[in-house]
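Please examine the structure shown here together with its sequence.

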Amino acid sequence: MDFFGLYLTAITKFNESCLSLHDIQNKSHNNTKTRNTTILNSQNIMGFLTNEKLLIVGAGGMIGSNMAQTAMMLGLTPNICLYDIYEPGVHGVAEEMYHCAFPNANITWTVDPEVAFKDAKYIISSGGAPRKEGMTREDLLKGNCKIAAEFGDLIEKYCPDVKHVVVIFNPADVTALTALIHSGLKPNQLTSLAALDSTRLQEALAAECGVQQCKVTNAYTYGGHGEAMAVFASEALVDGKPLSEFNISEERWAEIKHSTIQGGSNIIKLRGRSSFQSPAYQAVKMIEAAMGGEKFTWPAGCYVNCDKCGFKNVMMAMPTVIDAHGVHYCEPKGTAEEMAALQASYEHLCKMREEIISLGIIPAVADWKSENPNL
Ligand SMILES: NC(=O)c1ccc[n+]([C@@H]2O[C@H](COP(=O)([O-])OP(=O)(O)OC[C@H]3O[C@@H](n4cnc5c(N)ncnc54)[C@H](O)[C@@H]3O)[C@@H](O)[C@H]2O)c1
């Protein structure tokens, strides 16, 4: 064979080997619509908090994809399953994660709920519609609560032994309540993401007082994660000094409260879409705490049924700690004005709860025990 013949043979062989590699990839990605669904249990996987399966629901979306990356970067578990109803989206996110080449990662993706939920020990869900400019979180109530009911049913059917679930999709207090009722889980096993209202308040106060953000402490929002949230700053400290020493005028305080409450809408205005980096980070930190990592101390939405506080059968943000035993809450302490705002926020949540009862998405409160004996 002359030189040209040798060259042609070599090129043909190279192309054949490329094609066969591509075929293998097609088989494992496109045809089966899942990849690597076996959980890696090796004792040798170092540097992770746990080897248990973390399921990310809504993984094809903005928050979901950021959560996948954050969870890997924080070393939560090598076994992460990405689930979404939108196949190209979740497939694309999985490909990006493979391209990160995280050491020891066993990232799987699927559009099959059984494959996704089976054996999941931790779940974070952002799988619902986001709001667009001009919408409130409450505008998403009906559609997203139906999704939450299905989400709870899938937990009950495929992974009743799940340890902790974080619900993100809005209106998060009501979707989380719906998921809790349908899942059959204990109240301390399911939380909703509420921290961003408090981190926004912290940032607004830091900007006002001219200090680094982390120097503002004891400033939180409680109640609903919506326009009716209650802002608690009477105990706030700025660089160790009471906030009252900073003589913030009533007008400025009203503006700070407004910018806290509208913090999410402001991101939509600035970026043309709902926030995704901050919810992804905070939600992954919540699940990290439930896995036994650093305790999570920003307020979380939790199930509250407390005669002493007067708040019954709702999910709402409270002073909370999440740790390996789940979520624990205590009663907020504040001025008469702050407590009145919390009462108003609670009443707003009760109204939304009644709305989804009337839509038949959850049963009447008196019948909750038959759906979830843990309530
Ligand atoms: N709690 C908070 O602080 C907070 C903050 C920001 C956004 N959010 C909410 O989080 C949610 C997700 O936001 P996003 O920006 O990631 O939206 P997105 O549209 O980018 O992603 C949502 C993903 O969920 C998927 N999905 C829809 N229904 C599903 C179902 N039944 N099962 C599985 N997956 C499903 C979609 O296909 C999509 O890929 C929205 O409801 C948004 O309002 C909450």
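P171 sits in the loop between strand 5 (164-167) and helix 6 (172-183), where helices (H or I, at least four residues) and strands (E, at least two) are DSSP runs numbered from the N terminus. The peptide bond leading from N170 to P171 is cis, with omega near -10°. This is a predicted model, in which local features need pLDDT of at least 70 and side-chain atom pairs count only at pLDDT 80 or more, while totals for chains, interfaces and linings use all residues. Residues are numbered from 1 along each chain as its sequence is written.

Two further loops hold non-glycine residues with positive phi. N104, in the loop between helix 3 (87-100) and strand 3 (106-110), has phi near 65°. N247, in the loop between strand 11 (241-242) and helix 8 (250-261), has phi near 45°. A residue is termed buried if 20 or more other C-beta atoms, placed from the backbone, lie within 10 Å of its own, exposed if 12 or fewer, and partly exposed in between. N104 is partly exposed because it has 15 C-beta neighbours inside 10 Å, whereas N247 is exposed because it has 7 C-beta neighbours inside 10 Å.

L54 belongs to strand 1 (residues 54-57). L54 is buried because 26 other C-beta atoms lie within 10 Å. Beyond its neighbours within four places in sequence, L54 is in contact with A71, L76, T77, N79, I80, Y122 and I287; contact requires C-beta atoms, placed from the backbone, within 7 Å. The C-alpha atoms of L54 and P78, which are 24 residues apart along the chain, are separated by 8.7 Å.

Helix packing comes next. Helix 7 (residues 195-209) and helix 10 (residues 277-290) pack at an angle of about 115°, with their axes 10 Å apart; axes are lines fitted to C-alpha atoms over the stretch in contact, and angles run from 0 to 180 degrees between N-to-C directions. In this pair, A195, L196 and T199 of helix 7 meet S278, P279 and Q282 of helix 10.

Of the 31 residues around the ligand, G58, G61, I63, G127 and F169 come nearest, a residue being near if its C-beta atom, placed from the backbone, lies within 6 Å. Helix 2 (62-73) and helix 5 (141-158) are the elements that give two or more residues to this shell, and helix 2 gives the most, with 3 residues. At least three shell residues come from each of domain 1 (3-193) and domain 2 (195-358), with bounds from an automatic or database domain assignment.

Definitions and conventions. Two residues are in contact if their C-beta atoms, placed from the backbone, lie within 7 Å.
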